[in-house]
Protein chains: 2
Amino acid sequence: MDDSDLRFETLNTQVALSTRLFDVCEVQRRGPQGVDSTFITLRTPDWANVIAVLPNEAGQPCFLMVRQYRHGSERLVWEFPGGMVETGEDPGLAALRELEEETGWRAETSRLLGSSNSNPAFLTNHVSTYLAEDLHFTGHHHLDQNEFVRVGLRPIEEVQSQMGQGEYDHGIMMMALWWWEHRRPDKV
Amino acid sequence: MDDSDLRFETLNTQVALSTRLFDVCEVQRRGPQGVDSTFITLRTPDWANVIAVLPNEAGQPCFLMVRQYRHGSERLVWEFPGGMVETGEDPGLAALRELEEETGWRAETSRLLGSSNSNPAFLTNHVSTYLAEDLHFTGHHHLDQNEFVRVGLRPIEEVQSQMGQGEYDHGIMMMALWWWEHRRPDKV
(Lines give C-alpha, C1' and ligand atoms only; values in the text may rest on other atoms or scores of the structure.)
Protein backbone atom coordinates (compact mmCIF):
# COMPACT_ATOMS: atom_id res chain seq x y z
CA MET A 1 0.00 0.00 0.00
CA ASP A 2 1.42 3.39 -0.97
CA ASP A 3 1.10 5.64 2.06
CA SER A 4 2.65 8.80 0.63
CA ASP A 5 -0.71 10.56 1.07
CA LEU A 6 -0.48 9.98 4.83
CA ARG A 7 3.20 10.38 5.76
CA PHE A 8 4.91 13.35 7.40
CA GLU A 9 8.60 14.17 7.08
CA THR A 10 10.58 15.51 10.04
CA LEU A 11 12.37 18.81 9.43
CA ASN A 12 13.55 19.83 12.87
CA THR A 13 13.18 18.86 16.56
CA GLN A 14 13.62 21.18 19.52
CA VAL A 15 13.30 20.42 23.23
CA ALA A 16 10.84 22.88 24.76
CA LEU A 17 11.08 21.52 28.31
CA SER A 18 13.20 18.84 29.93
CA THR A 19 11.93 17.06 33.07
CA ARG A 20 12.94 14.00 35.10
CA LEU A 21 10.27 11.90 33.33
CA PHE A 22 10.42 13.14 29.74
CA ASP A 23 11.44 15.87 27.30
CA VAL A 24 8.67 17.87 25.66
CA CYS A 25 9.67 18.29 22.00
CA GLU A 26 8.43 20.67 19.34
CA VAL A 27 8.83 18.83 16.07
CA GLN A 28 8.51 20.63 12.76
CA ARG A 29 7.15 18.32 10.08
CA ARG A 30 6.12 18.60 6.44
CA GLY A 31 2.74 17.03 5.75
CA PRO A 32 1.72 14.89 2.78
CA GLN A 33 0.46 17.98 0.93
CA GLY A 34 3.64 19.98 1.57
CA VAL A 35 2.40 22.10 4.48
CA ASP A 36 4.83 22.59 7.39
CA SER A 37 3.50 22.50 10.96
CA THR A 38 4.77 22.03 14.49
CA PHE A 39 3.76 18.98 16.55
CA ILE A 40 4.26 18.24 20.24
CA THR A 41 5.82 14.96 21.36
CA LEU A 42 7.06 13.56 24.67
CA ARG A 43 10.44 11.83 24.45
CA THR A 44 10.31 9.27 27.24
CA PRO A 45 12.51 6.41 28.43
CA ASP A 46 11.06 2.92 27.91
CA TRP A 47 9.00 1.30 30.65
CA ALA A 48 8.69 -2.34 31.69
CA ASN A 49 6.23 -4.18 33.87
CA VAL A 50 5.98 -7.74 35.05
CA ILE A 51 3.15 -10.14 35.75
CA ALA A 52 3.75 -12.71 38.48
CA VAL A 53 1.14 -15.34 39.29
CA LEU A 54 1.05 -16.89 42.75
CA PRO A 55 -1.62 -18.68 44.78
CA ASN A 56 -3.02 -16.94 47.86
CA GLU A 57 -3.64 -18.68 51.20
CA ALA A 58 -6.94 -20.06 49.90
CA GLY A 59 -5.15 -21.51 46.87
CA GLN A 60 -6.78 -19.03 44.44
CA PRO A 61 -4.58 -17.96 41.50
CA CYS A 62 -3.55 -14.33 42.07
CA PHE A 63 -1.50 -11.59 40.50
CA LEU A 64 1.30 -10.20 42.65
CA MET A 65 0.54 -6.47 42.62
CA VAL A 66 1.51 -3.24 44.31
CA ARG A 67 -0.80 -0.53 45.56
CA GLN A 68 0.46 3.01 45.23
CA TYR A 69 -0.51 6.65 44.89
CA ARG A 70 -0.40 7.95 41.34
CA HIS A 71 0.41 11.60 40.79
CA GLY A 72 -1.56 12.00 37.54
CA SER A 73 -4.89 10.63 38.77
CA GLU A 74 -4.32 11.56 42.45
CA ARG A 75 -5.61 8.14 43.41
CA LEU A 76 -4.36 4.86 44.82
CA VAL A 77 -4.32 2.02 42.33
CA TRP A 78 -3.26 -1.62 42.17
CA GLU A 79 -0.60 -2.21 39.54
CA PHE A 80 1.68 -4.87 38.21
CA PRO A 81 5.21 -4.07 39.43
CA GLY A 82 7.33 -2.07 37.00
CA GLY A 83 9.08 1.15 36.21
CA MET A 84 11.43 2.91 33.87
CA VAL A 85 14.09 1.04 31.97
CA GLU A 86 17.44 2.68 32.70
CA THR A 87 19.68 3.77 29.81
CA GLY A 88 21.35 0.71 28.32
CA GLU A 89 19.44 -1.69 30.57
CA ASP A 90 17.72 -4.76 29.15
CA PRO A 91 13.95 -4.26 29.64
CA GLY A 92 13.52 -7.85 30.86
CA LEU A 93 16.16 -7.35 33.53
CA ALA A 94 14.61 -3.98 34.43
CA ALA A 95 11.27 -5.71 34.95
CA LEU A 96 12.81 -8.34 37.26
CA ARG A 97 14.75 -5.67 39.14
CA GLU A 98 11.56 -3.67 39.72
CA LEU A 99 9.70 -6.82 40.76
CA GLU A 100 12.22 -7.63 43.48
CA GLU A 101 12.67 -4.01 44.63
CA GLU A 102 8.93 -3.45 44.97
CA THR A 103 7.75 -6.84 46.25
CA GLY A 104 10.72 -8.80 47.57
CA TRP A 105 9.98 -11.59 45.08
CA ARG A 106 12.66 -12.67 42.65
CA ALA A 107 12.06 -14.44 39.36
CA GLU A 108 14.85 -16.48 37.85
CA THR A 109 13.57 -15.93 34.32
CA SER A 110 11.14 -13.71 32.49
CA ARG A 111 9.26 -14.15 29.25
CA LEU A 112 8.30 -11.20 27.04
CA LEU A 113 4.54 -11.18 26.49
CA GLY A 114 4.50 -8.05 24.35
CA SER A 115 5.78 -4.54 23.85
CA SER A 116 3.98 -1.52 22.48
CA ASN A 117 3.80 2.23 22.45
CA SER A 118 1.29 3.33 25.08
CA ASN A 119 0.16 6.31 23.02
CA PRO A 120 1.96 6.92 19.71
CA ALA A 121 -0.07 10.10 19.15
CA PHE A 122 2.57 11.89 21.21
CA LEU A 123 4.75 9.44 23.19
CA THR A 124 7.93 8.01 21.70
CA ASN A 125 8.57 5.09 24.04
CA HIS A 126 7.51 1.48 24.41
CA VAL A 127 6.26 -0.39 27.44
CA SER A 128 7.15 -4.08 27.61
CA THR A 129 5.21 -6.62 29.65
CA TYR A 130 6.97 -9.71 30.98
CA LEU A 131 5.77 -12.84 32.68
CA ALA A 132 7.87 -13.74 35.73
CA GLU A 133 8.85 -17.41 36.03
CA ASP A 134 10.49 -19.49 38.79
CA LEU A 135 9.51 -17.15 41.63
CA HIS A 136 10.93 -17.21 45.13
CA PHE A 137 10.80 -14.73 48.00
CA THR A 138 14.04 -12.97 48.92
CA GLY A 139 12.65 -10.03 50.92
CA HIS A 140 15.12 -7.71 49.18
CA HIS A 141 12.83 -4.70 48.99
CA HIS A 142 14.43 -1.51 47.83
CA LEU A 143 12.09 1.40 47.23
CA ASP A 144 13.13 4.71 45.70
CA GLN A 145 12.68 7.90 47.66
CA ASN A 146 9.02 8.96 47.24
CA GLU A 147 8.00 5.39 46.45
CA PHE A 148 5.52 3.96 48.96
CA VAL A 149 3.84 0.71 48.01
CA ARG A 150 1.75 -2.02 49.58
CA VAL A 151 2.26 -5.50 48.17
CA GLY A 152 -0.77 -7.71 47.69
CA LEU A 153 -2.01 -10.86 46.01
CA ARG A 154 -5.10 -9.96 44.00
CA PRO A 155 -7.29 -12.78 42.68
CA ILE A 156 -7.03 -12.96 38.88
CA GLU A 157 -10.82 -13.13 38.66
CA GLU A 158 -11.15 -9.85 40.60
CA VAL A 159 -8.52 -8.10 38.49
CA GLN A 160 -10.16 -9.19 35.24
CA SER A 161 -13.61 -8.09 36.40
CA GLN A 162 -12.50 -4.72 37.80
CA MET A 163 -9.66 -3.77 35.43
CA GLY A 164 -9.84 -0.23 34.05
CA GLN A 165 -11.89 1.28 36.86
CA GLY A 166 -11.83 2.07 40.58
CA GLU A 167 -8.69 0.67 42.17
CA TYR A 168 -7.59 -0.72 38.80
CA ASP A 169 -8.05 2.52 36.81
CA HIS A 170 -4.78 2.29 34.89
CA GLY A 171 -4.42 1.96 31.12
CA ILE A 172 -0.87 0.61 31.24
CA MET A 173 -2.16 -2.27 33.38
CA MET A 174 -4.99 -2.87 30.90
CA MET A 175 -2.33 -3.24 28.22
CA ALA A 176 -0.32 -5.64 30.42
CA LEU A 177 -3.44 -7.69 31.17
CA TRP A 178 -4.33 -7.80 27.45
CA TRP A 179 -0.90 -9.26 26.69
CA TRP A 180 -1.30 -11.83 29.47
CA GLU A 181 -4.80 -12.77 28.34
CA HIS A 182 -3.67 -13.27 24.73
CA ARG A 183 -0.04 -14.34 24.95
CA ARG A 184 0.66 -16.29 28.13
CA PRO A 185 2.27 -19.64 27.33
CA ASP A 186 -0.33 -21.78 29.15
CA LYS A 187 -3.29 -19.99 27.57
CA VAL A 188 -5.96 -22.60 26.92
CA MET B 1 -7.98 -0.46 54.47
CA ASP B 2 -6.18 2.55 55.94
CA ASP B 3 -3.99 4.00 53.21
CA SER B 4 -2.47 6.88 55.14
CA ASP B 5 0.97 5.26 54.70
CA LEU B 6 0.62 5.60 50.93
CA ARG B 7 -1.17 8.91 50.31
CA PHE B 8 0.30 12.23 49.18
CA GLU B 9 -1.22 15.62 49.86
CA THR B 10 -1.13 18.39 47.24
CA LEU B 11 0.42 21.67 48.39
CA ASN B 12 0.77 23.65 45.19
CA THR B 13 0.46 23.28 41.40
CA GLN B 14 2.27 25.36 38.79
CA VAL B 15 2.08 25.15 35.01
CA ALA B 16 5.62 24.79 33.66
CA LEU B 17 4.62 24.67 29.99
CA SER B 18 1.33 25.02 28.17
CA THR B 19 0.83 23.37 24.76
CA ARG B 20 -2.09 22.66 22.41
CA LEU B 21 -2.30 19.08 23.71
CA PHE B 22 -1.61 19.45 27.43
CA ASP B 23 -0.20 21.53 30.26
CA VAL B 24 2.94 20.26 31.96
CA CYS B 25 2.45 20.83 35.71
CA GLU B 26 4.92 20.87 38.56
CA VAL B 27 2.99 19.69 41.58
CA GLN B 28 4.39 20.06 45.06
CA ARG B 29 3.17 17.27 47.33
CA ARG B 30 3.74 16.12 50.89
CA GLY B 31 4.46 12.40 51.14
CA PRO B 32 3.14 9.96 53.74
CA GLN B 33 6.23 10.48 55.88
CA GLY B 34 6.00 14.28 55.74
CA VAL B 35 8.64 14.90 53.06
CA ASP B 36 7.78 17.52 50.40
CA SER B 37 8.74 16.87 46.77
CA THR B 38 7.84 18.09 43.29
CA PHE B 39 6.14 15.77 40.80
CA ILE B 40 5.49 16.22 37.08
CA THR B 41 2.01 15.72 35.65
CA LEU B 42 0.36 16.33 32.27
CA ARG B 43 -3.04 18.00 32.49
CA THR B 44 -4.84 16.79 29.39
CA PRO B 45 -8.37 17.05 27.99
CA ASP B 46 -10.34 13.79 27.95
CA TRP B 47 -10.24 11.57 24.89
CA ALA B 48 -12.90 9.33 23.37
CA ASN B 49 -12.80 6.58 20.80
CA VAL B 50 -15.43 4.45 19.17
CA ILE B 51 -15.65 0.89 17.97
CA ALA B 52 -17.87 0.24 14.97
CA VAL B 53 -18.39 -3.28 13.65
CA LEU B 54 -19.37 -3.80 10.01
CA PRO B 55 -19.08 -6.73 7.59
CA ASN B 56 -16.64 -6.43 4.67
CA GLU B 57 -17.48 -7.51 1.10
CA ALA B 58 -16.72 -11.12 1.97
CA GLY B 59 -19.13 -10.92 4.93
CA GLN B 60 -16.33 -11.12 7.53
CA PRO B 61 -16.96 -9.12 10.73
CA CYS B 62 -14.63 -6.12 10.71
CA PHE B 63 -13.73 -3.07 12.78
CA LEU B 64 -14.13 0.27 11.02
CA MET B 65 -10.69 1.81 11.48
CA VAL B 66 -8.55 4.69 10.28
CA ARG B 67 -4.92 4.57 9.26
CA GLN B 68 -2.84 7.59 10.11
CA TYR B 69 0.63 8.87 10.85
CA ARG B 70 1.39 9.27 14.55
CA HIS B 71 3.79 11.95 15.64
CA GLY B 72 5.08 10.18 18.76
CA SER B 73 6.02 6.87 17.15
CA GLU B 74 6.67 8.37 13.67
CA ARG B 75 4.75 5.45 12.19
CA LEU B 76 1.47 4.73 10.44
CA VAL B 77 -1.01 2.79 12.54
CA TRP B 78 -4.56 1.51 12.29
CA GLU B 79 -6.80 2.98 15.00
CA PHE B 80 -10.38 3.09 16.11
CA PRO B 81 -11.74 6.55 15.24
CA GLY B 82 -11.53 9.07 18.06
CA GLY B 83 -10.05 12.25 19.38
CA MET B 84 -10.17 14.88 22.07
CA VAL B 85 -13.38 15.67 23.89
CA GLU B 86 -13.99 19.41 23.61
CA THR B 87 -14.65 21.46 26.75
CA GLY B 88 -18.20 20.84 27.94
CA GLU B 89 -18.84 18.21 25.25
CA ASP B 90 -20.38 14.85 26.15
CA PRO B 91 -17.71 12.16 25.49
CA GLY B 92 -20.26 9.90 23.79
CA LEU B 93 -21.24 12.66 21.38
CA ALA B 94 -17.56 13.50 20.83
CA ALA B 95 -16.94 9.87 19.87
CA LEU B 96 -19.80 9.89 17.36
CA ARG B 97 -18.68 13.25 15.96
CA GLU B 98 -15.15 11.91 15.43
CA LEU B 99 -16.54 8.73 13.88
CA GLU B 100 -18.48 10.64 11.25
CA GLU B 101 -15.77 13.24 10.62
CA GLU B 102 -13.07 10.61 10.10
CA THR B 103 -15.01 7.86 8.33
CA GLY B 104 -18.25 9.30 6.94
CA TRP B 105 -20.23 6.75 9.00
CA ARG B 106 -22.86 7.95 11.42
CA ALA B 107 -24.12 5.99 14.42
CA GLU B 108 -27.52 6.86 15.84
CA THR B 109 -26.55 5.70 19.32
CA SER B 110 -23.44 4.81 21.26
CA ARG B 111 -22.91 2.61 24.28
CA LEU B 112 -20.12 3.26 26.78
CA LEU B 113 -17.92 0.18 27.08
CA GLY B 114 -15.50 1.68 29.60
CA SER B 115 -13.48 4.70 30.64
CA SER B 116 -10.08 4.82 32.27
CA ASN B 117 -6.95 6.84 32.78
CA SER B 118 -4.42 5.81 30.15
CA ASN B 119 -1.48 6.36 32.50
CA PRO B 120 -2.28 7.72 35.98
CA ALA B 121 1.44 7.88 36.81
CA PHE B 122 1.45 11.30 35.19
CA LEU B 123 -1.67 11.88 33.05
CA THR B 124 -4.81 13.41 34.56
CA ASN B 125 -7.37 12.54 31.89
CA HIS B 126 -9.63 9.65 30.98
CA VAL B 127 -10.19 7.95 27.66
CA SER B 128 -13.68 6.55 27.07
CA THR B 129 -14.44 3.78 24.59
CA TYR B 130 -17.87 3.58 22.98
CA LEU B 131 -19.56 1.02 20.82
CA ALA B 132 -21.33 2.58 17.83
CA GLU B 133 -24.82 1.26 17.13
CA ASP B 134 -27.26 1.72 14.24
CA LEU B 135 -24.64 2.67 11.65
CA HIS B 136 -25.30 4.23 8.28
CA PHE B 137 -23.04 5.96 5.76
CA THR B 138 -23.49 9.71 5.28
CA GLY B 139 -20.18 10.57 3.60
CA HIS B 140 -19.90 13.66 5.80
CA HIS B 141 -16.14 13.55 6.21
CA HIS B 142 -14.58 16.54 7.88
CA LEU B 143 -10.89 16.29 8.69
CA ASP B 144 -8.95 18.83 10.70
CA GLN B 145 -5.99 20.58 9.15
CA ASN B 146 -3.00 18.21 9.46
CA GLU B 147 -5.32 15.21 9.70
CA PHE B 148 -4.84 12.70 6.89
CA VAL B 149 -6.51 9.34 7.29
CA ARG B 150 -7.38 6.28 5.23
CA VAL B 151 -10.56 4.49 6.22
CA GLY B 152 -10.59 0.70 6.21
CA LEU B 153 -12.49 -2.35 7.38
CA ARG B 154 -10.05 -4.56 9.28
CA PRO B 155 -11.11 -8.14 10.06
CA ILE B 156 -11.66 -8.53 13.82
CA GLU B 157 -9.59 -11.72 13.76
CA GLU B 158 -6.62 -9.82 12.24
CA VAL B 159 -6.91 -6.96 14.74
CA GLN B 160 -7.03 -9.34 17.71
CA SER B 161 -4.03 -11.32 16.47
CA GLN B 162 -1.87 -8.28 15.61
CA MET B 163 -2.95 -5.75 18.26
CA GLY B 164 -0.10 -4.02 20.08
CA GLN B 165 2.51 -4.44 17.36
CA GLY B 166 3.36 -3.44 13.79
CA GLU B 167 0.49 -1.53 12.23
CA TYR B 168 -1.50 -1.89 15.46
CA ASP B 169 1.24 -0.64 17.82
CA HIS B 170 -1.01 1.60 19.91
CA GLY B 171 -1.73 1.22 23.62
CA ILE B 172 -4.92 3.30 23.56
CA MET B 173 -6.32 0.87 20.98
CA MET B 174 -5.29 -2.07 23.16
CA MET B 175 -7.37 -0.51 25.95
CA ALA B 176 -10.33 0.00 23.59
CA LEU B 177 -10.09 -3.59 22.38
CA TRP B 178 -9.88 -4.85 25.97
CA TRP B 179 -13.15 -3.04 26.78
CA TRP B 180 -14.77 -4.49 23.67
CA GLU B 181 -13.55 -8.01 24.44
CA HIS B 182 -14.86 -7.86 28.01
CA ARG B 183 -17.86 -5.55 27.90
CA ARG B 184 -19.61 -5.70 24.56
CA PRO B 185 -23.31 -6.46 24.99
CA ASP B 186 -23.36 -9.55 22.74
CA LYS B 187 -20.27 -11.11 24.36
CA VAL B 188 -20.83 -14.85 24.48
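Predicted model: local features only at pLDDT ≥ 70, side-chain atom pairs only at ≥ 80, totals over all residues.
**Close-up 1. Helix 3 of chain A and its span.**

Close-up 2. Of its 13 residues, 10 are buried, so helix 3 of chain A is largely enclosed by the rest of the structure. The buried residues include Gly171(A), Ile172(A) and Ala176(A), along with Met173(A), Met174(A) and Met175(A). Leu177(A) is buried too, as are Trp178(A), Trp179(A) and Trp180(A).

**Close-up 3. Where chain A meets chain B.** Each chain brings 51 residues to the contact. On the side of chain A that touches chain B, at least two residues each come from strand 1 (9–18), strand 2 (23–30), strand 3 (36–43), strand 6 (61–70), strand 7 (75–79), strand 9 (105–116) and helix 3 of chain A. Helix 3 of chain A gives the largest share, six residues. By type, this side of chain A divides into 23 nonpolar, 19 polar and nine charged residues.

**Close-up 4. An open sheet in chain B.** Here three strands of chain B pair antiparallel in the order 1-2-3. Strand 1 (9–18) and strand 3 (36–43) of chain B are the edge strands, each pairing on one side only. From one strand to the next, the twist averages 25°.

**Close-up 5. Strands 1 and 2 of chain B.** Eight bridges join strand 1 of chain B to the antiparallel strand 2 (residues 23–30) of chain B. For a handy landmark, find Thr10(B), which stands opposite Arg29(B) in strand 2 of chain B.

Technical notes
Residues numbered from 1 in each chain as written. Chains lettered and ligands numbered in written order. Pairing = 2+ DSSP bridges. Helix = DSSP H or I, 4+ residues; strand = E, 2+ residues; numbered from the N terminus. Axes fitted to C-alpha atoms, helices over the stretch in contact; angles between N-to-C directions. Buried ≥ 20, exposed ≤ 12 C-beta atoms within 10 Å, placed from the backbone. Contact = placed C-beta atoms within 7 Å. Nonpolar A, V, L, I, M, F, W, Y, C, P; charged D, E, K, R; others polar.
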